[in-house]
Amino acid sequence: MPAVMWFRRDLRLRDNPALLAAAESGEVLPLFVLDPRLWGPAGPSRRAYLGASLRALDASLRQRQAGLSVVRGDPVRRVVLAARAVEADQVHIAADYGPYGAQRDDDVEQALEDAGIELVRTGSPYAVAPGRVTNKTGDPYKVFTPFSRAWADHGWRGPVDAPSGCSWLALDAEQDSTTDIPAPDLPSGLELPDAGEDAALARWQEFLDRIDRYDDDRDKPGVNGTSHLSVHLKYGEVHPRTLLADLAQRRSNGARTYRTELAWREFYADVLHQRPETAREYLKPEFAKMDYARPGAELDAWTQGRTGFPVVDAGMRQLRATGWMHNRVRMIVASFLVKDLHLEWQHGARHFMHWLVDGDLASNQHGWQWTAGSGTDASPFFRVFNPTTQGKKFDPPGDYIRRWVEELSDPDQVPDPHEPDDDTRDLVGYPQPLVDHKEERQEALDRYQRIKNR
């Protein structure tokens, strides 16, 4: 009998166990559903990248005399209709553990069951699926380090090849109301990385040539020290198993550190799976009682990269230009929003999710909660990043700032991009500091002390 392969966060042919399971039927309909509940809230970066990734997947399928059938609408209805159209008795997916995705899949499963069709879950976007790593009492881990040890002890299967020998099916464009793969225009000045499985694997191979330096270079935003794989992992253009298999062949500190970063991604997915409300709410509810400022002109200045703090502005402008921001700088700009501007972390998280091309709900929301002091393994609230000293520490020559803050790019006009003086700021048209960091640091600590005393 024919089967449907419903692609979601697994836009690849290699190392895709769900696709292999579907191919066992011999006939497979490759399907993607444009879900308005996901498409609507997505920002321009993710919309454009998703379209590019779908086109790359479609091109890979066409090399196999196939093509990706794309439909738009409620997945509960559209998946059932697609399965009926090709007389499939099974729909295959990689399990989704996000708050919306898990409920959606349960609803689709019920609708399929009513139609006499089976939903088959095989694998997930993670090396170890959320919920599988537990402590000795069967409870989820609340701290990263013991989780990471148990995660490594649990292990994972090796990568698998792309399917071969199966026949491919397609929906009738007119009869089954398929739609074109979207190609939305990007805002002026925004450029995104190449999308697709081949681009992901090429990026990975390029990074392997310098992974041994990763432990030293990953905190330096002015150098090419990170992998930039986050967007490819977000859309499942490469699976973490593929990366982990290559990392197992290396013994450098850089490779070990990179594996730890993959474990953090899986830890945050596990935390969100166990506590889905933390996508919007505080993991530690006492932090909701803190006195926060109302969003206004200061939030606008932060989003526009006009705070007058060079490394903060560099990060925010990099985000708008590329849909990505260096991870060290993500922490700096987040600390500035929460502890210098005294705004709740959700404001920053929403802005990130709107513009980040790698916007992953679990990693983004819990990364923000880490900085805000309210998450798991959180940075203590009294640890307030000084944006100027952070810039000097991790970008000593100021290359990152000069790259993204145009006003500070000329070393002849701006000898010190970390602390331009008042005359220099006036000369080049760069704003004065939005706040006095020393004063706002103390204010943040005072507000924190008040919730401790309640």
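The model is predicted, so local features need pLDDT of at least 70 and side-chain atom pairs count only at pLDDT 80 or more, while totals for chains, interfaces and linings use all residues. Residues are numbered from 1 along each chain as its sequence is written, and side-chain values use heavy atoms, with hydrogens and water left out.

Helix H12 (residues 297–304) and helix H13 (residues 310–322) have axes that come within 7 Å and cross at roughly 70°; helices here are DSSP runs of H or I with at least four residues, numbered from the N terminus, and axes are lines fitted to C-alpha atoms over the stretch in contact, with angles running from 0 to 180 degrees between N-to-C directions. Trp-302, Thr-303 and Gln-304 of H12 meet Val-312, Met-316, Arg-317 and Arg-320 of H13, where contact means heavy atoms within 4.5 Å.

Trp-302 and Val-312 are also among the residues with the most contacts inside the largest nonpolar core, which has 78 residues. Such a core is a set of buried Ala, Val, Leu, Ile, Met, Phe, Trp, Tyr and Cys residues joined through side-chain atoms within 4.5 Å, and buried means under 20% relative accessible area with a 1.4 Å probe, protein chains only.

Arg-317 also forms a salt bridge with Glu-407 (2.7 Å, N to O), that is, a side-chain nitrogen of Lys or Arg within 4 Å of a carboxyl oxygen of Asp or Glu. Both Glu-407 and Arg-317 are buried.

Key
Helix = DSSP H or I, 4+ residues; strand = E, 2+ residues; numbered from the N terminus. Buried < 20%, exposed > 50% of the residue type's maximum accessible area, 1.4 Å probe, protein only.
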